[in-house]
Amino acid sequence: AVSGYSHARDNRVYVHTGPRETYLFQTMGPCPDLGWAENIGLDPATAGPSCTGIDIDLIVPSTIGPRRCPVAMIRKLAPGEKEAR
């Protein structure tokens, strides 16, 4: 379960799934409003588990309605690895 997220930079976001589990998501291209969104959604394109990212979209609220930002890569941060800002 997702417990929160934080913006990394450009087209990246950190998704927190537990007290010590964080994943870095990178979108396929620019994702306007990602850095300003107060919340985001995850929409899996398939019913199976997500491993590479190509089967999930970020849903980002914007002034013109929700934007779908396809995810190109998901990587779990190693224990002790710091989030880059």
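Analyst: Strands E3 and E6 run antiparallel and are joined by five bridges. The model is predicted.

User: What makes E3 and E6 a pair of strands?

Analyst: Two strands pair when there are at least two bridges between them. E3 and E6 have five bridges, so the pair meets the cut-off of at least two. Within this pairing, Phe25 stands opposite Ile74 in E6.

User: Which other strands are joined by bridges, and how many bridges does E2 have to E3?

Analyst: E2 and E3 are antiparallel, with six bridges. Val15 has Tyr23 in E3 opposite it, and a hairpin of two connecting residues links E2 to E3. E4 and E5 run antiparallel with four bridges, and Pro44 faces Ile56 in E5. E5 and E6 are likewise antiparallel and share four bridges; here Leu58 has Cys69 in E6 as its bridge partner.

User: How many helices and strands does the protein chain have?

Analyst: The chain has zero helices and six strands. Along the sequence the order is β-β-β-β-β-β.

User: How do you know that Cys31 and Cys69 form a disulfide?

Analyst: The S to S distance between Cys31 and Cys69 is 2.0 Å. The cut-off is within 2.5 Å, so the pair counts as a disulfide. By this rule there is one disulfide in the count. It links distant parts of the chain: Cys31 sits in the loop between strand E3 (21–27) and strand E4 (41–44), and Cys69 in strand E6 (residues 67–76), 38 residues apart.

User: Why is this disulfide called right-handed?

Analyst: Because the torsion about the S-S bond of Cys31 and Cys69 is about 80 degrees, the disulfide is right-handed.

User: Are the two cysteines buried or exposed?

Analyst: Cys31 has a relative accessible area of 8%, and Cys69 has 4%. Buried means under 20%, so each value falls on the buried side. Apart from residues up to four places away in sequence, Cys69 touches Thr27, Cys31, Asp57, Leu58 and Val60.

User: Why does Asp57 count as buried?

Analyst: The relative accessible area of Asp57 is 17%. The limit is under 20%, so Asp57 is buried. Asp57 belongs to strand E5, where four of the five residues (56–60) are buried.

User: What makes the approach of Asp57 to Arg68 a polar contact?

Analyst: The side chains of Asp57 and Arg68 come to 3.1 Å. The cut-off for N or O atoms is within 3.5 Å, so the distance qualifies. Beyond four places in sequence, the residues that Asp57 touches include Gly41, Leu42, Asp43, Arg68 and Cys69.

User: Which residues make up the largest nonpolar core?

Analyst: The core has 12 residues in all: Val13, Val15, Phe25, Cys31, Leu34, Ala37, Ile56, Leu58, Val60, Cys69, Val71 and Ile74. E2, E5 and E6 are the elements that give two or more residues to this core. In soluble globular proteins, nonpolar side chains tend to be buried together.

User: Where are Asp10 and Asp33 placed?

Analyst: Asp10 lies in the loop between strand E1 (4–9) and strand E2 (12–18). Asp33 lies in the loop between E3 and E4.

User: Why is Asp10 called exposed, and why is Asp33 called partly exposed?

Analyst: Asp10 has a relative accessible area of 64%. Exposed means over 50%, so Asp10 is exposed. Asp33 stands at 29%, which lies between the limits of 20% and 50%, so Asp33 is partly exposed.

User: What percentage of the chain counts as buried?

Analyst: Of its 85 residues, 29% are buried. The accessible surface comes to about 5500 Å², and 56% of it belongs to carbon and sulfur atoms. Of the contacts between residues at least 6 apart in sequence, 40% join residues at least 24 apart.

Key:
Residues are numbered from 1 along each chain as its sequence is written. This is a predicted model: local features need pLDDT of at least 70, side-chain atom pairs count only at pLDDT 80 or more; totals for chains, interfaces and linings use all residues. Side-chain values use heavy atoms; hydrogens and water are left out. Buried means under 20% relative accessible area, exposed over 50%, partly exposed in between (1.4 Å probe, protein chains only). Contact means heavy atoms within 4.5 Å. Accessible areas come from the Shrake-Rupley method with a 1.4 Å probe; for residues, only the protein chains shown count as cover. A nonpolar core is a set of buried Ala, Val, Leu, Ile, Met, Phe, Trp, Tyr and Cys residues joined through side-chain atoms within 4.5 Å. A polar contact is a pair of N or O atoms within 3.5 Å; within protein, one must be able to donate a hydrogen and the other to accept it, and residues adjacent in sequence count only if both atoms are side-chain atoms.
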